[in-house]
Amino acid sequence: GKGVDMNGKPLRFEAGEIDFGEPGTNGQHSFYQLIHQGRVIPCDLIGTIKSQQSVYLKGEIVSNHDELMCNFFAQADALATGKNAVELRA
């Protein structure tokens, strides 16, 4: 919770949540990278089922929203499972 440390002991100071983020891949090299670098950061990833205005480029079979949602799910998968030392060196 917000009142205990990682070992479940009460904090000696006030603590609270921090809300941050960016839409789509804007957060890729800032927020997601920080979360992936090994520090435990409880987080909620929020995606939308339907875009307010999907963009379809000529010759593409999926919209930009579909591509962004693929990235969204990939981030969640990477956070959930990660890679072991052997996979990182491959």
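**Confidence**
- The protein chain has an average pLDDT (the predictor's confidence in each residue, from 0 to 100) of 82, and 97% of the residues score at least 70.
- Among the elements, the mean pLDDT is lowest in α1, at 74, and highest in α2, at 87; helices (H or I, at least four residues) and strands (E, at least two) are DSSP runs, numbered from the N terminus.
- A friendly reminder: where pLDDT is low, the predicted coordinates should not be read in detail.

- Ser 63 sits in the loop between α1 (28–36) and α2 (64–81).
- With a relative accessible area of 1%, Ser 63 is buried (under 20%; exposed is over 50% and partly exposed in between, with a 1.4 Å probe and protein chains only).
- Not counting residues up to four places away in sequence, Ser 63 touches Ser 54, Val 55 and Tyr 56, where contact means heavy atoms within 4.5 Å.
- His 65 belongs to helix α2 and is also buried, at 10% relative accessibility.
- Beyond its neighbours within four places in sequence, His 65 contacts Thr 48, Ile 49, Lys 50, Ser 51 and Ser 54.

**Cysteines**
- The count of disulfides (pairs of cysteine sulfur atoms within 2.5 Å) is zero.
- The sulfur of Cys 43 has its closest cysteine sulfur in Cys 70, 19 Å away, so the two are too far apart for a bond.
- Cys 43 is partly exposed at 38%, whereas Cys 70 counts as exposed at 55% relative accessibility.

**Aromatic rings**
- Searching the whole structure turns up one aromatic pair.
- Phe 72 and Phe 73 form this edge-to-face pair, with 5.1 Å centre to centre and 75° between the planes.
- Rings of Phe, Tyr and Trp (its six-membered ring) pair if their centres lie within 6.5 Å; planes under 30 degrees apart count as stacked, over 60 as edge-to-face and the rest as tilted.
- Phe 72 is buried at 16% relative accessibility, while Phe 73 is partly exposed at 48%.

Key:
Residues numbered from 1 in each chain as written. Predicted model: local features only at pLDDT ≥ 70, side-chain atom pairs only at ≥ 80, totals over all residues. Heavy atoms only, no water.
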